[in-house]
Amino acid sequence: MSQPLATGKPRDRLSVQRLGAGWRAAAFALLWWVVSDGSMSSWWIGAPVVLLATLVSLKLVTPFSFSPVGFLRFIPHFIWYSLRGGMDVAWRVFHPLCPIAPTLIDFPLRLPSGMARVFLANTVSLLPGTLSAELESRVLRVHVLDGNKAVTPELMELERVVARVFGIALPADDASDRLS
């Protein structure tokens, strides 16, 4: 949503921050509306909470781009990976031999540092059978239930989908380096 800083002048940064503040306030207001079950009488405390949350987020979270279309495309991917991961975990639990071989893998990241990486790490943790163990400067360490399963291609696909959510063009790299 927000445009990249074209000139880097303080005036440009201010306009980007105002635009970001509006979106953040709208998101927090929507969250408050959902949490309060749409009760209009709750806004006497909700409005100050939304204002405070917006100010705190502006202080703590740097502006980032966000693509609503990319997010809408992310949702079916997340549902599909969740269902597939849940079925895989259930199969392993009920299998008489309980075929698990837990291990940690290092996934080299192409996403730039910031919100997109955190979003990817949290998404990996939400998917059944995987857990983000550590987010380093260029690597995401992931705990998987089966080290024999090729997880890296799925993580590469998830990284690509997350990049679209944040409107990021991933740098091209040699996929064979990441699959080894």
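How many bridges join strand β2 to strand β3, and in which sense do the two strands run? Strand β2 (residues 130-135) is joined to strand β3 (residues 139-144) by 5 bridges, and the two run antiparallel. The model described here is predicted.

**Overall make-up**

The protein chain has 6 helices and 3 strands. Read from the N terminus, the order of elements is α-α-α-β-α-β-β-α-α. Of the 180 residues in the protein chain, 26% are buried. Among contacts with a separation of 6 or more, 67% are between residues 24 or more positions apart. The protein chain exposes about 11,500 Å², and 68% of this area is supplied by carbon and sulfur atoms.

**The strands**

β2 and β3 form a hairpin, with 3 residues between them. Within this pairing, S132 has V142 as its bridge partner in β3, and E134 has R141. Strand β1 (residues 103-108) also pairs with β3, in the antiparallel sense and over 6 bridges. In that pairing D106 stands opposite R141.

In a regular strand, side chains alternate between the two faces of the sheet. The covered face of β3 holds L140, V142 and V144, and the uncovered face holds V139, R141 and H143. R141, on the uncovered face, is partly exposed, with a relative accessible area of 23%. R141 also forms a salt bridge with E136, the closest N and O atoms being 3.9 Å apart. E136 is partly exposed as well, at 31% relative accessible area.

L131 lies in strand β2 and is partly exposed at 44% relative accessibility. Leaving aside residues up to four places away in sequence, L131 touches V124, S125, R141, V142 and H143. The C-alpha atoms of L131 and R141 are 8.6 Å apart, and the two residues are 10 residues apart along the chain. L135 also lies in strand β2, and its relative accessibility of 39% counts as partly exposed. Together with F64, M115 and V118, L135 makes a nonpolar surface patch of about 290 Å².

**Salt bridges**

The whole structure contains 9 salt bridges. Three of them are listed here.

| Salt bridge | Closest N to O distance |
|---|---|
| R92 and D146 | 3.2 Å |
| R141 and E136 | 3.9 Å |

R92 and D88 both lie in helix α3 (residues 68-94), 4 residues apart, which is about one turn of the helix.

Are R92 and D146 buried or exposed? R92 has a relative accessible area of 6%, so R92 counts as buried. D146 is also buried, at 15%, whereas D88 is partly exposed, at 22%. D88, R92, D146 and K149 are linked in a network of salt bridges.

**Aromatic residues**

The count of aromatic pairs comes to 5. One of them is F119 with F166, an edge-to-face pair with 5.4 Å from centre to centre and 75° between the planes. F119 lies in helix α4 (residues 115-126) and F166 in the loop between α5 (152-165) and α6 (175-179), so the pair ties together parts that are 47 residues apart in sequence. F166 is buried, at 5% relative accessibility, whereas F119 is partly exposed, with a relative accessible area of 23%. Both residues belong to one aromatic cluster, formed by F66, F71, F74, F78, F119 and F166.

**A residue of helix α1**

L30 is found in helix α1 (residues 10-35). With a relative accessible area of 52%, L30 is exposed. L30 and V50 are 20 residues apart in sequence, and their C-alpha atoms are 9.4 Å apart in space.

Technical notes: Residues are numbered from 1 along each chain as its sequence is written. This is a predicted model: local features need pLDDT of at least 70, side-chain atom pairs count only at pLDDT 80 or more; totals for chains, interfaces and linings use all residues. Side-chain values use heavy atoms; hydrogens and water are left out. Two strands pair if DSSP finds at least two bridges between them. Rings of Phe, Tyr and Trp (its six-membered ring) pair if their centres lie within 6.5 Å; planes under 30 degrees apart count as stacked, over 60 as edge-to-face and the rest as tilted. Buried means under 20% relative accessible area, exposed over 50%, partly exposed in between (1.4 Å probe, protein chains only). Patches are made of residues with over 30% relative accessible area and no salt bridge: like charges are joined within 9 Å, nonpolar side chains (Val, Leu, Ile, Met, Phe, Trp, Tyr) within 5 Å. Accessible areas come from the Shrake-Rupley method with a 1.4 Å probe; for residues, only the protein chains shown count as cover. A salt bridge is a side-chain nitrogen of Lys or Arg within 4 Å of a carboxyl oxygen of Asp or Glu. Contact means heavy atoms within 4.5 Å.
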